[in-house]
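This report sets out selected features of one protein model, from its strands to its surface. The sequence and the structure are shown below.

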Amino acid sequence: WKWGNQGAAVEGTDGELGGQGNPGLGDTPELLARASLPIMPLWPLPLASSALTLLLGALTSLFLWYCYRLGSQDMQALGAGSRAGGVSGGPGGCSEAGRPSPGSTGDPGEGRRMEGLVSRRLRAYARRYSWAGMGRVRRATQGGPGPGGGLGALGIQRPGLLFLPDLPSAPFVPRDAQRHDVELLESSFPAILRDFGAVSWDFSGTTPLPRGWSPPLAPGCYQLLLYQSGRCQPSNCRRCPGAYRALRGLRSFMSANTFGNAGFSVLLPGARLESRCGPTNARVRCHLGLKIPPGCELVVGGEPQCWAEGHCLLVDDSFLHTVAHNGSPEDGPRVVFIVDLWHPNVAGAERQALDFVFAPDL
């Protein structure tokens, strides 16, 4: 067999191939032998596998170190916030007026420090989770208390610490907004009333405070808290099993937030709590009337209301509000069970972020 016309031989690039460069049938075994030679890799396989394993291990170690540093920075920021003492003290106790919050002291420097602390906590939350759904919370931490950092609607809504924008504002919230929790508390009225009878005393002020009762916020104003600033009070909860059981069944109780309180509030005849504003509009205070004598009044945002025994009243305490017991000494004290619930228009993602930002200091 020959390639080309008239027996012209074609010479290969490497000289003669198969005798004068012409592949014939006799060259087939040699070609097959050459084609079957093994191809050696440029890098030995065991060595390449070991190098890849070392590289992956180094990247994993670097990632774990980065996560550790990030978590350490977050915990340092939270620790600095707890040492600053501004967050846990702001929401106050369970009474209708509450204690003055850091944002309402009138000290601009203190307000800026609080705003910086809250912003740092929110950034720590976003680094750990996400900024998704955090638009209102972010604006709230940057703008200071009140819409635009100023007074609220008509100057009567002035939360001392956190104003969450674009929430419906009304001094009293419809019962249907928290129907499940309202119905649960009202159905637990007999058990909660029995618990109050077990821890009650004469409220004369002439004897030392019984175990579990807090010092009076004002003359004639006493409280016993099952939850204070997001912390459970175990001894008081054990003494009030019916009330504690009701709290555990609530869906929107702020049980893990420094804005969250729950407990008994007692107002003696002649006592009065002057106009105050709560720390935030992100919560709604639920008042369950236990003992309501004549002459008791609650004014929120200029609108007067009164409690009813066995029924709940939902109040936005970021509005200016006043509480008074104008009855006679023979009427006895006014007693309500107060629970802080989330505002119904605060979304789930916002609640999670605010629970992180305003977590109870450990």
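Which residues point one way from E12, and which the other way? In this predicted model, Arg334, Val336, Ile338, Asp340 and Trp342 point one way, whereas Val335, Phe337, Val339 and Leu341 point the other way, and all are buried. Strand E12 covers residues 334-342, and because nine of its nine residues are buried, the strand is largely enclosed by the rest of the structure.

**Partners of strand E12**

Strands E5 and E12 are paired in the antiparallel sense over six bridges. Within this pairing, serine 265 has valine 336 in E12 as its bridge partner. Strand E7 (residues 283-291) is also antiparallel to E12, and eight bridges join the two. Here valine 284 has leucine 341 of E12 as its bridge partner. As a general point, the strands of a sheet pair through backbone hydrogen bonds, in either a parallel or an antiparallel manner.

Asparagine 261 is located in the loop between helix H9 (241-248) and strand E5 (262-267). Is this residue buried or exposed? Asparagine 261 is buried, with a relative accessible area of 0%. Its side chain reaches the backbone nitrogen of serine 229 at 2.8 Å.

**The four-stranded sheet**

An open sheet is formed by four strands in the order E6-E11-E8-E9, with antiparallel pairing. Strand E6 (272-276) and strand E9 (303-305) are the edge strands, each of them pairing on one side only. From one strand to the next, the twist averages 15°. Inside this order, strand E8 (residues 296-300) is joined to strand E11 (residues 321-325) by five bridges, and the two run antiparallel. Glutamate 297 stands opposite alanine 324 in E11.

**Salt bridges**

How many salt bridges does a search of the whole structure find? The search finds ten.

| Aspartate 166 | Arginine 139 | 2.9 Å |

Aspartate 166 forms its salt bridge with arginine 139. Because aspartate 166 lies in the loop between helix H5 (135-143) and strand E1 (172-173), while arginine 139 lies in helix H5, the pair ties together parts that are 27 residues apart in sequence. Aspartate 166 is exposed at 55% relative accessible area, whereas arginine 139 is partly exposed at 44%.

In the second pair, aspartate 176 counts as exposed, with 54% relative accessibility, and arginine 179 is partly exposed, with a relative accessible area of 44%.

**A nonpolar surface patch**

Which residues make the nonpolar surface patch of about 390 Å²? The patch is made by Leu52, Leu55, Leu56 and Leu59. One of these residues, leucine 56, has its place in helix H2, which covers residues 45-84.

Note on methods. Residues are numbered from 1 along each chain as its sequence is written. This is a predicted model: local features need pLDDT of at least 70, side-chain atom pairs count only at pLDDT 80 or more; totals for chains, interfaces and linings use all residues. Side-chain values use heavy atoms; hydrogens and water are left out. Patches are made of residues with over 30% relative accessible area and no salt bridge: like charges are joined within 9 Å, nonpolar side chains (Val, Leu, Ile, Met, Phe, Trp, Tyr) within 5 Å. Accessible areas come from the Shrake-Rupley method with a 1.4 Å probe; for residues, only the protein chains shown count as cover. A salt bridge is a side-chain nitrogen of Lys or Arg within 4 Å of a carboxyl oxygen of Asp or Glu. Buried means under 20% relative accessible area, exposed over 50%, partly exposed in between (1.4 Å probe, protein chains only). Two strands pair if DSSP finds at least two bridges between them. Axes are lines fitted to C-alpha atoms, for helices over the stretch in contact, and angles run from 0 to 180 degrees between N-to-C directions. A polar contact is a pair of N or O atoms within 3.5 Å; within protein, one must be able to donate a hydrogen and the other to accept it, and residues adjacent in sequence count only if both atoms are side-chain atoms.
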